[in-house]
Amino acid sequence: MSEGFFDGNRRWVYTQSVQGRFQRLHRWSGRVLLAFLVGIPWVSVAGHPAVQFDIPGRRVYALGTIFTTSDGFLLALFGFLAAFSLFFFTSLFGRLWCGYACPQTVFLEEFARPIDRFFEGDRSQRKSLDAGDWTASKVARKAGKYLALLAVSAFASTSFVSWFSGAHDLYTLQAGSTAYGITAAFTLMWFADLAWFREQFCNYLCPYARFQGALCDDESLVVRYDTKLGEPRAPGKASLAENHCIDCKKCVTTCPQGIDIRDGFQLECIMCGRCIDACDGVMGKAGKQSLIEYNTQAAVTGAKPRLIRPRTVAYLTLMLAATTGIVAMLALHQPMEASVSRSPGPLWTVDTDGWVRNTFLLDVTNNEAVDTPVKYTVTVTGLPEGAVFDVPEIVLGTTQHRRVPLIVRVPPNANIPHHIPVHVVVHAPAGDVVRETSLKIPRS
Ligand code: SF4
Ligand code: SF4
């Protein structure tokens with residue numbers, strides 16, 4: 001295992017390149033996820049971003065629907081669903097997210113390590129380069145490598161910020177200064193990570209890595225070295241003939257986390273499968289069985305791993321509950337929000353003509369993803385005879401909000417009650433919204 005960063009004695013991990021079935025899987029999963037990360041902010045639905053987290057505007061665009069702060073519970077349910085899904089899949093398949101889908105791994109595998117190899121060669125050449133004197137060639141190689149990593153960091157950062165400020169605005173310099181400030185800050189962070197911090201992020205900073213132990217059990221998939229088959233290890237043909245580990249250390253030199261999986265399961269392992277491919281290349285090439293595999297502790301002890309067990313059932317139940325809540329809330333999602341509140345001040349005023357005036361504030365928000373503004377009309381039902389109301393015209397574009405005064409005037413009448421329930425109805429093409437309130441009349 002590599003030395004700790006925080007003790008100031010870090011051992012740099014020189015990862016050797018490796019080919020194999022899991023690296024091919026890696027390539028595909030990485031490219032699909034990169035396409036998703038980079039491509040989605042460019043996709044539009046009904047003239048709006050397919051997905052965008054517009055934090056200054058306090059709204060989220062999702063496939064033609066706009067969610068605002070009033071949909072906070074719905075957004076929280078999406079967060080719960082994502083978390084429970086992660087728990088569920090981790091309890092079944094261990095840290096496959098880390099090995100195949102985490103942006104940290106994807107950017108390291110797809111960009112940083114190929115850049116290392118392009119400018120400095122494979123593991124042994126990189127070690128020699130770092131150990132050697134500073135020559136013009138070394139300066140040029142290091143400069144080229146760090147410039148390339150800086151460009152990748154800028155690309156990663158811009159792709160990430162695009163999910164919040166919109167790809168078109170960001171790339172055409174129409175986004176706000178905050179967006180560019182955050183992009184610059186993320187670029188520096190990504191650069192520090194790709195150029196130097198690397199595996200230490202997983203080992204020391206990532207919260208997901210921290211609670212792995214609580215999510216996995218003996219029936220979760222992990223990367224294992226087969227000690228029964230592989231031991232005793234020894235270099236040489238005799239060992240190979242017995243299908244024992246020949247101690248070639250390929251599984252160690254290819255490991256991006258700098259660990260030796262033959263020491264047993266370790267929390268640093270991100271389940272990337274590089275050591276499996278490395279051992280495949282050694283043992284498989286000689287017609288022997290690979291000594292490292294994806295397996296469960298239960299299978300190793302002869303038991304049959306179960307998919308259905310208390311923790312997977314619990315996580316699945318929570319996922320289903322969150323999904324049900326999301327579906328229900330989406331079905332009830334209002335294309336328009338409206339609320340009525342009393343205007344600050346006295347509950348009523350009496351005008352010079354003797355009529356009683358109640359003043360309300362009507363808030364209307366257009367949540368519809370439409371290109372043309374929507375016109376809203378307002379009626380008030382339940383008014384006493386002769387009462388009139390007045391409200392300005394409300395026309396709102398997508399996500400616009402407006403607060404208008406709603407004035408109700410009631411003619412003088414000694415027989416009307418002190419408290420009169422009324423309904424304020426806001427009419428829109430997509431449907432009406434009804435809000436309850438009441439008129440207050442002075443006691444005569
Ligand atoms: S031990 Fe194997 S699977 Fe785990 S991080 Fe290292 S190479 Fe990847
Ligand atoms: S790659 Fe396989 S044979 Fe080589 S040291 Fe690792 S476990 Fe042993």
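Predicted model: local features only at pLDDT ≥ 70, side-chain atom pairs only at ≥ 80, totals over all residues.
**Entry 1, aromatic rings.** I searched the whole structure for aromatic pairs and found 18. I then looked at Trp196 and Phe197, whose ring centres are 5.7 Å apart with planes at 50°, so I noted the pair as tilted. Trp196 has 41% relative accessibility and counts as partly exposed, whereas Phe197, at 11%, counts as buried. I also noted that ring pairs join Phe53, Phe160, Phe164 and Phe186 into a cluster. At the ring of Trp134 I looked for a charge, and found the charged end of Lys138 sitting over it, 4.4 Å from the ring centre.

I found a nonpolar patch on the surface formed by Trp42, Phe155 and Tyr171, which together have about 300 Å² of accessible area. Phe155 belongs to helix α6 (residues 136-165) and, at 31% relative accessibility, counts as partly exposed.

My search of the whole structure gave 25 salt bridges. In one of them, Arg198 pairs with Asp116, and their closest N and O atoms are 2.7 Å apart. Arg198 lies in the loop between α8 (177-197) and α9 (199-205), while Asp116 lies in helix α4 (residues 103-120), so this pair ties together parts that are 82 residues apart in sequence. Both Arg198 and Asp116 are buried.

I next looked up Asp217 and Arg309, which form a salt bridge with closest N and O atoms 3.0 Å apart. This pair links distant parts of the chain, 92 residues apart. Asp217 is partly exposed at 26% relative accessibility, but Arg309 is buried at 3%. Finally, I noted that salt bridges with shared partners join Asp116, Glu120, Asp130, Lys142, Lys145 and Arg198 into one network.

Notes. Residues numbered from 1 in each chain as written. Chains lettered and ligands numbered in written order. Heavy atoms only, no water. Phe/Tyr/Trp six-rings, centres within 6.5 Å; stacked < 30°, edge-to-face > 60°. Buried < 20%, exposed > 50% of the residue type's maximum accessible area, 1.4 Å probe, protein only. Lys NZ or Arg CZ within 6 Å of the ring centre and 35° of its normal. Patch = residues over 30% accessible without salt bridge, like charges linked within 9 Å, V, L, I, M, F, W, Y side chains within 5 Å. Areas by Shrake-Rupley, 256 points an atom, 1.4 Å probe, with all protein chains shown as cover. Salt bridge = Lys/Arg side-chain N within 4 Å of Asp/Glu carboxyl O. Helix = DSSP H or I, 4+ residues; strand = E, 2+ residues; numbered from the N terminus.
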